[in-house]
Amino acid sequence: MANSLSSIQDQKKTSVKTSFQALRFIPRFFKEIWSVSPSLFLTNLFCRLVNAFTPVVILWVGKLIIDEIIAQVDATNADYTQLWNYVLLEFGIVILSDILNRLTGITDGLLGDRYNIDSSEKMIRKTSKIDIGQLEDSEFYDKLERARQQTQGRVGLMSTALAQAQSIISIGTLIAGLIYFQPILIVLLALSIIPLFINEIRFSGQQYSISRSWTAERRELDYLRYIGANDKTAKEIKLFGLTDFIAKRFRNLSEQYFEINKKLTIRRSAYSAGFNVLGVVCYYGAYLVIIRSVLVGTITIGELTFLSASFNRLRTSLQTFFTNFTRITESALYLKDYFDFIDWKITDEDREFSALPKEIHTGFEIKDLHFAYPGSDHEVLKGVSFKLKAGEKMAFVGQNGAGKTTLIKLMLRFYEPTQGEILLDGININTYEKAAYQQFFGVIFQDFFRYEFTLRENIAVGDIIAVNDDARIANAARLSLANEVIETLHSGYETQLGKRFSRGQELSGGQWQKVALARAYMKDARVMVLDEPTSALDAKAEYEVFERFIDLTKGKTSIIISHRFSTVRMADRILVLQNGRILELGTHEELMQEPKLYAELFDLQAQGYK
Ligand SMILES: Nc1ncnc2c1ncn2[C@@H]1O[C@H](COP(=O)(O)OP(=O)(O)OP(=O)(O)O)[C@@H](O)[C@H]1O
């Protein structure tokens, strides 16, 4: 579990510079949005561009209206035609602005949804290419977690960034008006805004640092929330009376996070309030300058309303602009996590590969294999060497933690060996393209996944292209005995499995295992691997499953891991592992002649059945 206190101390104060540096990801971000839908993007930009001019135009027409009223009040022969024209013009502009605003909102929403779909899909595809070892690395996993959690944030960033572009034009036109009439007002404006901006940038950097350094703890909080309120864990939590333990642990960690966030929020608000007062002082300073100009007759009353409204509007627009700017820099820092993840170099890409054989000719040769899991010094495999001949059925046997599953994972290239090599038909398996090489295998792990999909889809994950191939699915179900499960389901193959979705039907442990086994039969794999595939089956079902398996895999290379010796003895040869080393290797008969672990464990189990 993460050490929360040390993380608090580890918080690095992200400098203003870092915040600005993160902005370099924005152009690439916009390129991604553009590629999602150029037409929506252009419509959005067009609406924003036109609408950017409306604030200054409305204020200017307002000035014309007031000056016209004053002129007509003083005139002897009043003519209101021009006045009504101005009012009509303002009305038209307001309506147009409203329509453009709505169009902007709609295109924002549509672009956001499209971008969301696109980037989520990109992440799913990228994750599949990343090594299991890499995914198990906690630092890398945190990066993935941040990239995933910020999907919605990136959509928000998109509309904020587009709104910023619109604001820049609006602000530019309003500033031009001020410069034309009273250049001194610009100085007052800068005085009222710039300190606030620097302050916001500083705090947003700190906010990001905190939230970043707390990724591991947030993950722990999510985990605690999950195990504390979840149908899968409810049984154990109730029976072991774990609720209090989990709730307290959750509260302790949350409180620490809450406290440091609270401190930062209070400091941020206090500084903002102080700088805001400076803003108000500057506004009234500007007001005095404008009133004086009217009194000495350099500007009209209409121009007074135009200037004071422009100044006020500029101040709030700039404030929003800067707040949004800091929000953008904050989100841009998260954008870095996303792009870092998407750009993660896949070592297997851009390489020359050896041609994969269509069939296995000689088999596998495992040579002096050593392995320790990434980040660990403990050697799980310590110099394992053996041959698995083409067409041979081998069983791996050994006590818990002996290294059986690890050996399989190395053969599947989930990890790289720390020393030694694995050859397939005499060629190092590293020289084959990884994805294609892995397609050689049909594997069912002991911790196979229970997809909350329909039964049909759960079987078809073994070869998902065949999801609508009824004959193949039925055949796979027959071989794995999953067809017996179907009789208990309300909608046959179309039954939703699991309890998460409506009309979902839960299966027993053994039933799930039969379904998982069917996946192995969906694929015409060159090598079949069953890692304790029958541990939850009853004795009769297990016997039948193995009979069928042996029958079906005649002449096929296969590996079975099992703790049941009645199953193991059906294999051509048996490899006994102990503490990461090979203890014995031979046929059942050969091993029974030796007074070693295999014979001892076999007799022990056989006695249990007497
Ligand atoms: N992902 C992992 N990261 C770090 N260590 C691991 C990982 N998976 C397994 N180990 C460690 O490697 C050792 C061998 O585990 P492995 O799963 O290969 O054993 P096994 O022989 O298949 O055991 P079992 O019969 O219990 O399934 C164990 O000590 C285990 O703690």
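Begin by selecting Asp-425, which lies in the loop between strand S4 (419–424) and strand S5 (427–428). Helices (H or I, at least four residues) and strands (E, at least two) are DSSP runs, numbered from the N terminus. The model is a predicted one, in which local features need pLDDT of at least 70, side-chain atom pairs count only at pLDDT 80 or more, and totals for chains, interfaces and linings use all residues. Residues are numbered from 1 along each chain as its sequence is written.

Although Asp-425 is not a glycine, its phi is positive, about 50 degrees. Asp-425 counts as partly exposed because 16 other C-beta atoms lie within 10 Å. A residue is buried with 20 or more other C-beta atoms within 10 Å of its own, exposed with 12 or fewer, and partly exposed in between, the C-beta atoms being placed from the backbone.

Next, select Asp-368, in strand S1 (residues 363–372). Asp-368 has a phi near 45 degrees, a positive value in a residue other than glycine. Asp-368 has 13 C-beta neighbours inside 10 Å and therefore counts as partly exposed.

Now display helix H6 (residues 81–129) together with helix H9 (residues 151–181). H6 has 49 residues and reaches 72 Å from its first C-alpha to its last, close to the 72 Å expected at 1.5 Å a residue (1.5 Å times one less than the number of residues). Which residues of H6 are buried? They are Thr-104, Thr-107, Asp-108, Leu-111, Gly-112, Tyr-115 and Ser-119. Their cover includes helix H3 (26–36), helix H4 (38–52) and H9.

H6 and H9 pack at an angle of about 145 degrees, with their axes 9 Å apart. Axes are lines fitted to C-alpha atoms, for helices over the stretch in contact, and angles run from 0 to 180 degrees between N-to-C directions. To see the contact, select residues including Asp-108, Leu-111 and Tyr-115 of H6, and Arg-154, Val-155 and Met-158 of H9; contact requires C-beta atoms, placed from the backbone, within 7 Å.

Finally, select the ligand. The residues surrounding the ligand include Glu-136, Tyr-373, Val-380, Asn-400 and Lys-404, where a residue is near if its C-beta atom, placed from the backbone, lies within 6 Å. Helix H15 (residues 404–411) supplies the largest share of this shell, 3 residues.

Key:
Two residues are in contact if their C-beta atoms, placed from the backbone, lie within 7 Å.
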